[in-house]
Amino acid sequence: MLAVQAQDFGQALWAVGSRVNGSTRQRVLAALDSAEVVRSAPVRGTLHFVRPADLRWMLGLTAERMIKSASRRLAELDLDQRTLHRARDVASEALAGGMALSRDEFLDTLDRSGLSTSGQRGYHIIWYLAQTQLVCWGPADRSQQALVLLDDWAPDDSPRPDREEALRWFALRYFTGHGPARLQDFTWWSKLTLADAKVGLAQARSELVEYVYDGASYWALPGVTEPDPMAGGGLLLAGYDEYILGYQDRAPSLPPEYASRIRLAKNGVFKPALLQDGRAVGTWRRNPRENMADIAPFAESAISGTEAFDGAITAYEHFLADEPHARKPRELNRTRG
């Protein structure tokens, strides 16, 4: 998948777990706590789960454009380079030596250093520090994650690809995890320039297969001639799931007449979707009292029967089965030494 949308932490855990048979929430959290997977903002400037080694070359391709596109908002918040460099110094000192701070603790640290985090300043400071590869989200902290220094939490000494090779990796990994997909989907998802996206596809083309449908070219790994495994039977997709959100054109998985039921335009939220035979046919939500899922089809005629989702609901219940009602967070390193 290369990267999985993770702005909603709880839903993102299920986005990973739903793709691994027999997975549990605790196993996904363990992968995060061990830094096997980290959470940062390498794609579209939004939070994603990604491997540490991939995070660095991805940000090397995307961060400069994302920061430039945010320059007007940063200026509105009076976050000039001097202020952001000061925030970088404060963060480096506060998180040195393997320290981990919750978001509130980190913002309090900035405030006490004289850097106001009022309004949206705190959010944008953290975002900037993530874009510049200083911080990432680390150990689980109750229902969220604590902030850590990327190089302390997930050191990586593997060789960095040059720009052309990084673009090849970007394209190949996207079409591996999302194919069949179009060049336009890759460009939208990555927010690369069209020119860079074309370079990446050209470099990866020999490892991909082109499928032409309705006059458009779709790219995927060789052998992808059957429907995606995600398309069979009834499934519970996470909110913001890549199966829907990972494409510019979502019509193949999200019928246009139901698009507003999944994506709430006022706040940009993508609700968890019911998927049957590859198409969204309803929504669902977690029932915290029963630790299970309640399903809500768009119309009874849109599904062949709720029994089609029995297996999906059972899988979700298994995912939550080893989760205590109040998970004890991993002890965070908040003292030196």
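How much space lies in the second largest pocket?

Guide: The second largest pocket holds about 570 Å³. The model is predicted, so local features need pLDDT of at least 70 and side-chain atom pairs count only at pLDDT 80 or more, while totals for chains, interfaces and linings use all residues. Residues are numbered from 1 along each chain as its sequence is written, and side-chain values use heavy atoms, with hydrogens and water left out.

A pocket here is an open set of points on a 1 Å grid over the protein atoms alone, with protein on both sides within 12 Å along at least five of seven lines; lining residues have an atom within 4 Å of a point. Its volume is the space filled by probe spheres set on the points, which are joined across faces, edges and corners.

The lining of the second largest pocket has 23 residues, and Gly 45, Thr 46, Leu 47, Tyr 123 and Trp 127 are the closest to the pocket centre. Two or more lining residues come from each of strand E2 (38–43), strand E3 (46–50), helix H3 (52–69), H7, strand E4 (135–141) and strand E5 (144–149). These elements are DSSP runs numbered from the N terminus (helices H or I, at least four residues; strands E, at least two). By class, the lining divides into 9 nonpolar, 9 polar and 5 charged residues; Ala, Val, Leu, Ile, Met, Phe, Trp, Tyr, Cys and Pro count as nonpolar, Asp, Glu, Lys and Arg as charged, and the others, Gly among them, as polar.

Helix H7 is the largest contributor to this lining, with 5 residues. Among the buried residues of H7 are Arg 121, His 124, Trp 127, Tyr 128 and Gln 131. After H7 comes Gln 133, with a positive phi near 65 degrees.

Across the whole structure, the search finds 1 cavity of 30 Å³ or more, a cavity being a set of points where a 1.4 Å probe fits but cannot get out. The largest cavity has a volume of about 30 Å³. Its lining consists of Leu 237, Ala 238, Tyr 240, Asp 241, Ile 244, Ile 262, Phe 270, Lys 271 and Ala 273. That lining comprises 7 nonpolar and 2 charged residues, with no polar ones.

Key:
Buried < 20%, exposed > 50% of the residue type's maximum accessible area, 1.4 Å probe, protein only.
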